[in-house]
Amino acid sequence: MNTALYIMMTAILGMALSGVPGLFLSRRGMAGQWMAMLLNVLATLLGIGALIVFASGGYHNVSLAWRWALPWGGVAWGLDVITALFLLPILVISAFGSIYALGYWKQTQHPGNGRKLRFCWGLMNAGMMMVVLARDGVLFLMAWEIMALAAFFLITTEDHDPCVREAGWIYLIAAHIGMIALVAMFVLLRWATGSFDLWLTIPAPAVQGSAAAIFLLALLGFGLKAGIMPLHVWLPGAHANAPSHVSALFSGVMLNIGIYGLVRIGEIIAVAPLWWGVTLLILGAGSAVAAMVFAVCQNDYKRLLAYSSIENMGIVTIGLGLAMIGRSINRPDLILLGLGGALFHILNHSLFKPLLFMGAGNILHATHSRNIDSLGGLAGKMPMTAGLFFIGALAICGLPGLNGFLSEWLIYLGLLRTAVVAHGGTSVWISLAAPALAVTGALAVAGFVKLSGSVFLGNRRSAHADHAHDPGAGSLMPMVILALGCVAMALFPSGIARLLVRAAHGWAPKMINAGDSIGLLAPLHEMALLNAVLLLTAVGILVAFWIGRKSSTAAVPTWSCGYARPAKRMQYTGASFSRMLSQLFAWMIPVKPLAPPEGRYFPQPTELTQDAPDTVLDRGLIPGFVWMQRVFMRLRPLQNKPVNVYLVYMLGILLLLLLALRF
Amino acid sequence: MLYHVINTLIHIALLLAMPPLLPGVINKTKAFFAGRKGPPLLQPYFDIFKLLRKGMVISSTTTWIFQSAPVVTLAATLLAGLLVPFGPFAAPIHFTGDLILFVYLFGLARFFTTSAALDTGSSFEGMGAAREVTFACLSEAAVLLGLLVLVRLSGSFSLTPMLLAPLMHRPEAPVLLAAAGLFIVLLAENSRIPVDDPNTHLELTMIHEVMVLDNSGPLLGLIHYGAAMKLFVLSALVLHLLAPFHIGVPAADWVLFIAEMIAMAGIIGMVESFMARLQLRHVPTLLAAASLLCGFGFVLMVR
């Protein structure tokens, strides 16, 4: 009955090796890249085949254990519905990314780093698949490290650029802090459960303190990967500086892996204390609102998208927190809506965020500028990219008609349900996350109107955009499929809903039955019908526009209240669009206009840019580390002494230890 | 069955036909308090019909977004209008969770309206769009908090049972607080005084009107119609909190609903007559106050 797992192992192998043949082929030709793409797609098809085998087998959990000549015993793999839900985006997005790269990161144009990129791309995908399939702590950590290191080399693809190197270093440090936390967590888990097997439930008599420590360490380790707000520091830089299809993979897939860990940690304890869920809920809500505020203030569209990923992971965390609360206070409805909404949102985010990053890649490829304020009017030059980007933007704002709304709607309904209980009780306050989610939604509209409006609409602001054009069909095809995926998820959510119930059943088997239905709590069917109505209206409008485009309307320059000579540079820029919001949230993110000094007597040509620092990284961590470095430099005199001084140190330590043992 | 069909038909007919009457009533009220005669009550209808017959001038900078925005906005508002119960009658469409759809439909409309404003490439319209999205962030919080009060009161997650829940069980203070908060949001979302002045002649201080400066002809007509419909839909919602009186006879209840809506427009007109427009930088404070009112309402019920 392990066919599915054996096929999946083959897929992992294919994925891991996809970049290898290219290493031995010419760095000037495309053969290696084509081969990598074909291997990746083949591995994806195999993996999807494995999932189909798994599904046709009735979604029964399958597992596999191999003996291994390492001191800590066997290697265990397992496949259940939650793992399958996380595998799907890895498989799909990696294939689409490598197809997209055929036009975006051609080996012939990047002879220096293309081969390294594809080698690490394959390793990274294989690593992520291994992480979600691993059922053994040591294997999990090894897979985790493969993924983390491959990601480092993917970020630093263009390592000749100092900005890229800095982003890479910050990522590497963050990843290893997370790794340390996870090692400690698995040690504690081993101690509590008595084995390295994952994901066993901690027996009830185990000390509550150790469970709390496990949860907090997991929150640090997995939260760093998922980019939950104070732990997000590596994320914007890494996403902005990596090649766009790599950003798509990071945002659409790698962040999910952090969430995967948190989902599993929710499982390990039979009755989770209430504060676990509440902590996740508060972190998620804070993360969603703050990240979107940061996003609105960005001038670099890839950074904006990166912050929006943090926001979406925040929304997922709210759902997860809600599910954990449901586990603690024995409310199956909260588990269904919370976990269901969270997992659904993960899938949705894996569709629209890669779509948006690929769109950003098209813009970057065509204009060589990442600054929103130097672009504009690209919709006329790249209509396909603009249209697809708009679909992604509407979906990510959670607006009705597309898939993002459905998953946020499930989470909303779960939150609202906590408002209706008898007097008092902590759980009533949980519903206050709903207004936070609403503010996030409004901020998301602001951020994405700023992005798509200033980049695609209006007039061109600089010469960057003069020669822009849509990329070839090869790069557009993955985007079209992802956009269609967004539409399909919005129209046919019932299949997904059944999977979500099965996942919730696996997550809390005592509270949820496999036959339960989300539809009773949240009528997805009706909502899908309304989505269809909205989409048909939209299509109708577009068709009407297409038919009437030659009608006798007078086309004139923008009126602009009667300006005689409206200049392109007089347009509202993205920075001015977000100025009011950034002033409102100035206590959270100190956005500063950077203006050069004015000329003394005659006005000089001048230019105003805006600096939107990351409060946590630029105002907190970096100054903190600089301060720590200064403190530790004081210890410097103890170092660089002759050998006999070191011998004295050793003697001192030995004496101290002996004394410590004595008392 | 027939009863429901007739009520649904009346609902749709009112939703389609009555909205432009409200700005007419508001303008008449304002004229009365200013000692003027004012435009005819049906002037908004005349304006919309006139605009629909006219030709269009469209900026050559714009794309399909600009022309589709008014239609999308109108469609979203129309759908939102089908979710709100008018008077004591159930809304044509109601299902668990429709209140979130209701809130997000206005988000959809906002996405398109503000994108269309940026589409013209004019700085005035960008300015209006920036204000619109900024203030929306604050008013969405107030709306959700207000809805939370109603959810907790009624124990249901759909606008129709929520707003038609029996009056007896309502503790007065939270409802009044939520009503006050939602009324402020109603004024802000429909760009009325004290947040925005639809009649101002200074583009630099406008919000909604400045976003549609470059629209003309039928598109402008659709925008006016959509704006009136938004006012109508939100008023119908707030009315349930301010005046939850029903007679029990269907025909009389419909007449009462129409009368109440006209009275509501009169109240808005009076607010506009007695208040000055706030400075733009003070608007966030007003909207924060709306959130606080709704939030206090919620706190009062939890204690």
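Where in chain B is the place of B:P194? I looked this residue up and located B:P194 in the loop between α8 (172-189) and α9 (208-211) of chain B. Helices here are DSSP runs of H or I with at least four residues, strands are DSSP runs of E with at least two, and both are numbered from the N terminus.

**Entry 1. Basis of the model**

I note that this is a predicted model, in which local features need pLDDT of at least 70, side-chain atom pairs count only at pLDDT 80 or more, and totals for chains, interfaces and linings use all residues. Residues are numbered from 1 along each chain as its sequence is written, while chains are lettered from A and ligands numbered from 1 in the order in which they are written.

I recorded ipTM 0.96 and pTM 0.94 for the model. For chain B I found a mean pLDDT (the predictor's confidence in each residue, from 0 to 100) of 90. In that chain, 97% of the residues reach 70 or more.

**Entry 2. Cis peptide bonds**

I checked omega at B:P194 and found the peptide bond from B:I193 to B:P194 to be cis, with omega near 10°. A:W199 is in the loop between α7 (162-193) and α8 (208-226) of chain A. I logged these bonds because most peptide bonds are trans.

**Entry 3. Positive phi**

I next looked up phi, since most residues other than glycine have a negative value. A:Y59, in the loop between α3 (31-56) and β1 (62-70) of chain A, has a positive phi near 60°. A:N330 is not a glycine either, and I read its phi as positive, about 60°. I placed A:N330 in the loop between α12 (301-328) and α13 of chain A.

Why is A:Y59 classed as partly exposed? A:Y59 is so classed because 19 other C-beta atoms lie within 10 Å. The class is buried at 20 or more other C-beta atoms within 10 Å of the residue's own, exposed at 12 or fewer, and partly exposed in between, with C-beta atoms placed from the backbone. A:N330 has 12 such atoms within 10 Å and is therefore exposed.

**Entry 4. A:N371**

I located A:N371 in the loop between α13 (332-367) and α14 (378-381) of chain A. A:N371 is partly exposed because 18 other C-beta atoms lie within 10 Å. Leaving aside residues up to four places away in sequence, I found A:N371 in contact (C-beta atoms, placed from the backbone, within 7 Å) with A:N299 and A:D300. I also noted 9.9 Å between the C-alpha atoms of A:N371 and A:R303, which are 68 residues apart along the chain.

Notes. Contact = placed C-beta atoms within 7 Å.
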